[in-house]
Amino acid sequence: MALKVSEKLLGGSNRCFIIAEIGQNHQGNVNTAKEMIRKAAECGVDCVKFQRSNLEAKFTKSALDRLYPSPNSFGATYGDHKKFLEFSSEDFRELKTFTEDCGLIFSASAMDPVALDELISLEVDFIKIGSGDANNFPLLEKGKLSGRPLIISTGMQDQGTIERINELIGEEPFGLLHCVSCYPTSPEDANLQLIPEFRKNFRQATVGYSGHELETEIISLAAVAMGAKILERHFTLGKSLKGSDHKCSLEPQEMKKLVKNIRECFQEIGHCPGRGFSESDRSATKRHNGRRLPEKVSV
């Protein structure tokens, strides 16, 4: 069952929907975020995605107050660090407009109920539920009731939880992403066989893959070849930048190459429901005309 996001149909015989996950790789800077959006558009992706949190709604006071002496920290406490990386509502609205002016779809992961309400009011074309919140069933229920399309990652979730997600969504189409929540993910842990399994078992879902591997192409291309109709990869302006996600993100030249190869992969895989005659077949048939008919042989 196809999932409609803005004017695009996801799933079925449609080409793979590619998300550049900016997340918080913007370093808390709106101009950097805009540069990333511009670069993502040049790469040919369909969508850029951010993360949205209301810190008081998502975290306990003790979690926000704890010291955060990390090389990737943007503040003395975890709360200061997270606050530095959060944009204001006005910033988010500005980025959405900028994204749409660049010809892309804008969305974000809703990390808590307050953030979800904000994304609904912002009228994003779909709402992402990240792996860490995929078993937050009140949040999923609230997202479902919003009427906005949902795309849900499944890292850190077992089969029973994924089946419960499917039951909660019901007959509505939604996106279901196979994901391994290890930064970075080693190739032997990618377990791409879950993609055809998801397609078989969750028929109303548009199945995809959210990757965190250091390898830039092979696993993503394999995921598309195995039926992923949504691909999400983290995006960065430089892998050496401060922040925990940059090292398993794709730089612009890597993302551009991946998008090009995915589009070619889509053409090569084809989408015909049965074996038909292609133009190449017809050409080959003409070359073979004139052969003798096989003789009847006694056995």
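Residues are numbered from 1 along each chain as its sequence is written. In this predicted model, local features need pLDDT of at least 70 and side-chain atom pairs count only at pLDDT 80 or more, while totals for chains, interfaces and linings use all residues, and side-chain values use heavy atoms, without hydrogens and water.

Me: Why is the pair of Phe17 and Phe126 called edge-to-face?
Reply: Rings of Phe, Tyr and Trp (its six-membered ring) pair if their centres lie within 6.5 Å; planes under 30 degrees apart are stacked, over 60 edge-to-face, the rest tilted. The centres of Phe17 and Phe126 are 6.3 Å apart and their planes stand at 80°, so the pair is edge-to-face. Phe17 and Phe126 are 109 residues apart in the chain, and both are buried (under 20% relative accessible area, with a 1.4 Å probe and protein chains only).

Me: How many aromatic pairs does this rule give?
Reply: The count is nine.

Me: What makes Arg52 a charge over the ring of Phe92?
Reply: The rule asks for NZ of Lys or CZ of Arg within 6 Å of the ring centre and within 35 degrees of the ring normal. The charged end of Arg52 sits over the ring of Phe92, 4.5 Å from its centre. Arg66 lies over the face of Tyr78, at 4.6 Å from the ring centre.

Me: Which residues touch the most other members of the largest nonpolar core?
Reply: A nonpolar core is a set of buried Ala, Val, Leu, Ile, Met, Phe, Trp, Tyr and Cys residues joined through side-chain atoms within 4.5 Å. Among the 59 residues of the largest one, they are Val45, Phe50, Ile152 and Tyr209.

Definitions and conventions: Helix = DSSP H or I, 4+ residues; strand = E, 2+ residues; numbered from the N terminus. Buried < 20%, exposed > 50% of the residue type's maximum accessible area, 1.4 Å probe, protein only.
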